[in-house]
Each structure stands twice: as structure tokens, then as C-alpha cells.
There are 2 protein chains.
Amino acid sequence: MLIDWTSVALHIYDKIKAKVANMDTKPTLWAILVWNSPASLRYIKQKRKWADYTWVNFKLLELDADISEKKLLKKIEKFNEDDDISGYIVQLPLPKHIDENNIINAIKPEKDVDWFHPINQWKVLIWDKSWLEPCTPAWIIKILKSLDIEFHWQIVCVIGRSNIVGKPVSALLINEWATVITCNSSTPNISDFTKKADIVIIAVWKPELLKENMLKKWSIVIDVWFTVVDEKIYWDADTANIDKAWHRVTPVPGWVWPLTVAILIKNTLKAAKNKN
Amino acid sequence: MLIDWTSVALHIYDKIKAKVANMDTKPTLWAILVWNSPASLRYIKQKRKWADYTWVNFKLLELDADISEKKLLKKIEKFNEDDDISGYIVQLPLPKHIDENNIINAIKPEKDVDWFHPINQWKVLIWDKSWLEPCTPAWIIKILKSLDIEFHWQIVCVIGRSNIVGKPVSALLINEWATVITCNSSTPNISDFTKKADIVIIAVWKPELLKENMLKKWSIVIDVWFTVVDEKIYWDADTANIDKAWHRVTPVPGWVWPLTVAILIKNTLKAAKNKN
């Protein structure tokens, strides 16, 4: 079976919408765009679309691509202080003359709805539900909960140990009382572990690493990301050849946009509420 | 083979001592003692002993057991502001009329050498070596490194998911590129995982849960804690019956004191250096 994540996303959006409808002041999400590549513009368009859908104000600040790092930091300082801005994102990538880490570290953690600031990354290990959520790990948990997964007793194999996906999703699942096996690209005999798992989450940027014969019957596969080789897109799981009668898998292509953006907007609502 | 952790601890102490010898101002570690039970006094004595050994100043503030929470918080505020205090601990447990969480949350994270403040607990997920170290997880890593373990390629089974041991040690090991299986008391067929592991770390407070027949040949066992049942002490591993010819195991009884205190004093030195 292919997992229907669009309906999970819509469910989140509808809940946000209902909450926003009851607020005196609508939350406001700002995006700062310095490098307007076609990809960046596409991402911004998605965010605006779903912000509009949920009645969250969406505002865009476009800056010249040759803005200095110092001037950009000044803008961020103003965004941090401005009480009318609930949360904001700085659309990545930035032009090469700007150090992305300096920018990310300058964002006020309470307004960092994209969840890139180190203090937000740390916070998942001891999870406080009032706090902003890590966008990708949070939607993975949402999808699994939509399948009525009770994490106690579940064995989850996470392939990948990145700061954005592998580590925080492992931490969230340990918090949920799952048994978690965190593998990486050096793990020997990786199928020893995938074969034990009720759920496999893969985000390791290795084209079609995960094959049907590495899976236990009835297991669930969450494929998070892809690699581009010779202008062709390869996902981490060889989804085309995984039997959908035996496994529940996330559809590719389909990408994570509806859900990542859903958590981003949920974070904006949380940031607005936390402020009050 | 029994693992000789005393020499690991001594090695850390001697390195601290050499560094302190070169400092213009010696670091100062304070302990606040509210509830002077025999156990607390024993802990304090150990800390003083090793602080003396490393030439770190050790000072004790003894308070009446009936001090109000508000007054204790005032003291902590002063400790946070006092530049002559590099780091301090509040010896737990506290009398029942004081909420331990309120006290822990009031300690300035930069001076929290016992590593109890939530912000310190979060920080292990994305490890910054300049920061204070989690006392118990850090000595586990030290012991394994003293055995020349190269974490790449290693399979580590962590049994336990507490905030003080299981979660942070899992995070540190993932950072070190180990493949980490984090189990808990609900994990089904736990020996399926222990049998795959090159290293088993157990901190789950279940008397003698880990037996010889659950281990792979040549594996290493790190047993962190014990339970007291009917005034008898039971460790999590049945160490007496684990074959020392096939396995390297931490000795019980022997306890973790030399090493936990070593990291505590190392943190005090770090806190003093970070301040400058």
C-alpha cells in the first residue's frame, strides 16, 4: 500500500485553520529571500499557498543577492525584535559570500520555525511539546501515528545520522518508547537490522540502497530524500520494486513538501501562541 | 577480563592536574549541601578528595535542611553571578518541601558541572566539545576509547532510555558514527539485539537482566547502575556469571565514582576556561 500522506497534511492544515480562526490576531510568517533561484521561488510559492489556506499571514522580504552579511544580520536583528512577526525563515541556499551558519545562529530560536538553530536541534532529545517541532522528523512521526502505530514494542531502523533527519528522528522515537536502531553509511551488514525492523526510515542519500529483500514482511518504509545522478532522481529506497501488498511505503515521486510545510506553519502558530 | 577503570580515571585526573598547574587562578568547585544524609556526605567526601588531588579549590556551603525553596533559589542566584565560582553542584536529593526541578532549572547552564540543567541535556545531540560533558555518558565513552575502540563499524546496544544515561549515551555514540540500538524495558526479545552487539551498555535498573547467553563472543559489557532489593545490591548485568575470558566487563562492585567525579572536575576546569 502506498501511504496517503496528502490526507495527513490536509488534516494538519485543517486543524491549524480552525485554531487560527479563533485568534484575535492572525500569526504572521515571514520569508527572507536573498537568492531567488527557480527552486527557491518554488519553495516560497508552496509556503505562501499553504499559509493562505490556513489564514496565516505570509509576507516576503526580497533582498538583493549582493547584500552584505552584516546588512542581512541587521535585518535579522529587526525581525527578532519585531513583535508582529511570529516566526520567519531565511530561504536557503544563500549567496556564497554569506556564511549560512552565522545567519542561522542569529535567528531567535523562538521564531525559528524552520528549526535550523542549534538550540532547537538540541531540544528534541528531551522533548517539550510546547516547543517548536523539527519539520521533517515531526512529519515522520505524524505519518506513523496516522497509521495507528503504537511505538511501544516497535522496532524502528533509522538509516542516516544527519542533524536534520537521522539524529532528531531517532531521539523523538526513543522518547516515544520505540526500540531504535540508528545505522549509518559505515554500518556493516545493514540488512541484519532492516530485516528486524517493523519500520524503516531512510535518509542517507544513497541511490536505491533499500531493496525489497532487506525488509521484513508487513514492514513500513519511510523514504525521506533523494539524490540526483546525471540529472536523474534516485530515492534512497527502490520503491518501484518493493511489493505494495506486503509493505506500506511512502510514495515517490511525491516528496515531502505538503508535510514539511504543514509542520512549518504549525510551528508559526505555536510561536505566535508561545509569545502571548 | 575486568576493565580497569581506575587507571582511566587516574589518567583523567593527572591531565586535569597538569592543566590546573598552568593556570593563574585555580578553578573553584562549590557544593551546596542541604540534606546531609550519610550517602550525601560520602559523595561530597569523594568530590573533595579528587578536587584536592587535582588542585581544584573545593568549597562546601552547608544549609539548614528546613531552608525555604525561595531562600535556596536566592543563594543559587548569587552563585550564578559570582565570578569566583567556576562551577557548582547542588547535592541531591533535596528535602521534600523543595522542588528539585525548580532548583536544577535555576542553575546557570555554564556552571552546571553536574550536567543536570535541561539545556545541557539537550546539547549532546549536536556535540560541541567546548561544552560541559554529561558525566556518566562521557565516562562510558572514555572507557571505551581507553580500550582502543574505533566506533565506526561498531554495533552498540544501549539498554535503557533515561535522560541521564540511555538517551545521552545513545546520542554521543551516534555522533561517533557507531551503529546504535537503543532498547528499553518494553523491547521484545531483547537478546536478539544484545547478541548482535560488540558493546552492550546497560542502565535499566532491572536486577541481573543481562546474562552471559545473551552476549556475542568477545563483546564488551558496561554495567552502569544497580538496584537495591531487600537490602541487597543487584547490578543490571549478572557479572559474576559472565565469562571474563570471552568478555571485557566493568567490575561490580566498584561503582562509577572515580569516573563520574573525574568528569565533574573536568567540567569545572572547562567552565573556568570558558569564562575567560
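Predicted model: local features only at pLDDT ≥ 70, side-chain atom pairs only at ≥ 80, totals over all residues.

Start with strand β7 of chain A, residues 220–223, which runs parallel to β10(A) and is joined to β10(A) by two bridges. Within that pair, Val221(A) has Val249(A) of β10(A) as its bridge partner.

Strands of a sheet pair through backbone hydrogen bonds, in a parallel or an antiparallel way.

If you follow the order inward, you come to β4 of chain A. This strand covers residues 155–159, and five of its five residues are buried. Ile155(A), Cys157(A) and Ile159(A) point one way from β4(A), while Val156(A) and Val158(A) point the other way. Five bridges join β4(A) to β5(A), and the two run parallel. In that pairing, Ile159(A) stands opposite Cys183(A) of β5(A).

Next is the place where the sheet passes from one chain to the other. Here β5(A) and β5(B) run antiparallel, joined by three bridges. Ile181(A) stands opposite Ile181(B) in β5(B).

How many residues does each chain give to the contact? Chain B gives 27 residues and chain A gives 27 residues. On the side of chain B that touches chain A, the elements that give two or more residues are α5 (118–123), α7 and β5 of chain B. The largest share of that side, five residues, comes from β5(B). By class, the side of chain B that touches chain A has 13 nonpolar, nine polar and five charged residues.

Now the domains of chain A. There are two in the division used here: domain 1 is 5–114 and domain 2 is 135–257. Their centres, taken over C-alpha atoms, are separated by 28 Å. The contact between them takes five residues from domain 1 of chain A and six residues from domain 2 of chain A. On the domain 1 side, the largest share, three residues, comes from helix α1 of chain A, residues 5–21. That side of domain 1 has three nonpolar, one polar and one charged residues.

Turn to chain B and look at helix α6, residues 135–146. The helix has twelve residues and reaches 17 Å from its first C-alpha to its last, close to the 16 Å expected at 1.5 Å a residue. Several of its residues are buried, including Trp139(B), Ile140(B), Ile143(B) and Leu144(B). An α-helix has 3.6 residues a turn, so residues three or four places apart point the same way.

Just after α6(B) comes Asp148(B), with a positive phi of about 60°. Asp148(B) is not a glycine, and its place is the loop between α6 and β4 of chain B. Is Asp148(B) buried or exposed? Asp148(B) counts as exposed because it has 6 C-beta neighbours inside 10 Å.

Glu231(A) lies in the loop between β8 (226–229) and β9 of chain A. With 5 C-beta neighbours inside 10 Å, Glu231(A) counts as exposed.

Two peptide bonds are also worth a look. The bond from Leu92(A) to Pro93(A) is cis, with omega near -5°, and Pro93(A) lies in the loop between β3 (87–90) and α4 (100–106) of chain A. In chain B, a cis peptide bond joins Leu92(B) and Pro93(B), with omega about 0°.

Last, find Trp246(A), in the loop between β9 (232–235) and β10 of chain A. Why does Trp246(A) count as partly exposed? The reason is that Trp246(A) has 14 C-beta neighbours inside 10 Å. Leaving aside residues up to four places away in sequence, Trp246(A) touches Lys217(A) and Trp218(A). From Trp246(A) to Ser162(A) is 84 residues in sequence and 29 Å in space, C-alpha to C-alpha.

Notes
Residues numbered from 1 in each chain as written. Chains lettered and ligands numbered in written order. Pairing = 2+ DSSP bridges. Helix = DSSP H or I, 4+ residues; strand = E, 2+ residues; numbered from the N terminus. Contact = placed C-beta atoms within 7 Å. Nonpolar A, V, L, I, M, F, W, Y, C, P; charged D, E, K, R; others polar. Domains from an automatic or database assignment. Expected span 1.5 Å × (residues − 1). Buried ≥ 20, exposed ≤ 12 C-beta atoms within 10 Å, placed from the backbone.
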